[in-house]
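Here is a short briefing on one protein chain. Look over the sequence and the model first, then read the points below.

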Amino acid sequence: MNMLSVEFFIAFRYLKAKRKGFFSLITTFIAVGGTTLGVATLVITLAVMSGFQNDIRNKILGIQPHIIVVKIDSEPFKDYLKIEDKIKTNSDVLSVSPFIYKQGIIRSLGLSTSLIIKAVNYKNENGMLDLSKRITVSDMSFNGEKIGEKSIILGSELTKNIAVSAGDKVVLMFPNNFGNIPKMYEFTVSAVIQSGMYDFDSSLGFIDLEEGQKLFSMQDEITGFDIHINNFDKAVTAAAALQKDLSYPYRVKTWIEMNKNLFSALKLEKIMMFLILGLIILVAAFNIVSNLLLLSVQKSKEIGIMSAIGFSKFSISKIFFYEGLIVGSSGTVLGIISGLAVSFLLKYFNIFKLPKGIYYVDKLPIAVIPADIIMIAACAFIITVTAGIYPAYQVSKLEPLEAIRYG
């Protein structure tokens, strides 16, 4: 039996053996339990936060394209078909859809609010974003292929704000460059769409591209392109390549850039939760330190005997280091298992019901990311292993004769 196995065997026997006093046993359970609780809490919290982040991302990509191309000076595209053909030469691009953006006011039954009109080719836009899956109610005239003449699709929150539904009439008002009286047009609500994102649902309306070109006197002109690529995670790389191909005065923007503030806030919140909940593991580490120091006092006589029969101070210190390693590793493994078990229960069983009107989901979205689990396990392991260094060092300073005499 080599020296490493002897040291580890003794450390394991110290944990397994019946302790002198109930307090020692309690401190061991607190050390293991504290680590388990901290690790499990971190696993569950990060799984929930990652789930919400993924859910928000999916909702955004359900109403926003991966990439858009606009002009820096906000002027309309002329001869846009040539630009469209150039964009399609990029190998990452799956589909391209031209659009027109305009801001205006929508009014119905004395209620009015601002809105953003997006004029699109509905068939192309639907193929890119699956808009039809998000339509909650539609007029009989809406065939799912074309929005229709003088027809508009509105966000669900916007329809609530002006008290309309599919089939109702609304008035759209836009600024007039030649006078103070705005241009006004009557439209029929052909469908109501719910993306799950309040900002979109409360301000966005879709009309046909041809209708928008007539309304805004933009024959054969558009204000930008929606672009769908084969992998949304490669949006930054694809956008950089498109920017190089198109150059000035065109601006290529990714879905990440368009929602930079939102995802930056979510990332910061995730980091802060990790740091705050990591303090639980740190507290457990102090429990490990106190537990090992208490054990060293109880086992001082045995330590003296081991020194007398030939164990080096380094070997004895390793016994207590291994004991801290066992306690910390046990807590970490139990915490990971417990956290994953609770996370999967929350994911596959509707334990906590959420008000869908507020969150747009009726259960907690859970996403267990392997990188998060590895990071948690690594941090917990490092903290708990580090906690065993000081007690091991203190044990190595004991003199054999004094340990036997006063142990």
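A residue counts as buried when its relative accessible area is under 20%, and as exposed when that area is over 50%. Values in between make a residue partly exposed. The model is predicted. With that cut-off in hand, the briefing starts from the whole chain and then turns to single sites.

**Overall make-up**
- The protein chain holds 16 helices and 12 strands.
- It has 407 residues, and 48% of them count as buried.
- The accessible surface of the protein chain is about 21,200 Å². Carbon and sulfur atoms account for 62% of that surface.
- Take the contacts between residues at least 6 apart in sequence: 79% of them link residues at least 24 apart.

**Leu61, in helix H2**
- Leu61 belongs to helix H2, which spans residues 22-61.
- Is Leu61 buried or exposed? Its relative accessibility is 13%, so Leu61 counts as buried. The reason is the cut-off: buried means under 20%.
- Which residues does Leu61 touch, once neighbours within four places in sequence are set aside? The contacts are His66, Leu129, Phe232 and Trp255.
- Leu61 and Asp130 are 69 residues apart along the chain. Their C-alpha atoms are separated by 9.9 Å.

**The cavity**
- The model has one cavity of 30 Å³ or more.
- The largest cavity has a volume of about 40 Å³.
- Its lining includes Val43, Leu46 and Ala47. Also in the lining are Ala367, Val368, Ile369, Asp372, Ile373 and Ile376.
- Two elements, H2 and helix H14 (370-387), each give two or more residues to the lining of the largest cavity.
- By class, the lining of the largest cavity counts eight nonpolar residues, no polar ones and one charged residue.

**Strand pairing around S7**
- Strand S7 covers residues 169-174. Strand S3 covers residues 93-108.
- S3 and S7 run antiparallel and are joined by three bridges.
- Ile106 stands opposite Leu172 in S7.
- How many bridges join S7 to strand S8 (residues 183-193)? There are six, and these two strands also run antiparallel.
- Val170 has Phe187 in S8 as its bridge partner.
- S7 therefore pairs with both S3 and S8, since two strands pair if at least two bridges are found between them.

Definitions and conventions: Residues numbered from 1 in each chain as written. Predicted model: local features only at pLDDT ≥ 70, side-chain atom pairs only at ≥ 80, totals over all residues. Heavy atoms only, no water. Helix = DSSP H or I, 4+ residues; strand = E, 2+ residues; numbered from the N terminus. Buried < 20%, exposed > 50% of the residue type's maximum accessible area, 1.4 Å probe, protein only. Contact = heavy atoms within 4.5 Å. Areas by Shrake-Rupley, 256 points an atom, 1.4 Å probe, with all protein chains shown as cover. 1 Å grid on protein atoms, 1.4 Å probe; cavity = no way out; pocket = protein on both sides within 12 Å on 5 of 7 lines; lining within 4 Å. Points joined across faces, edges and corners; volume = space filled by probe spheres on them. Nonpolar A, V, L, I, M, F, W, Y, C, P; charged D, E, K, R; others polar.
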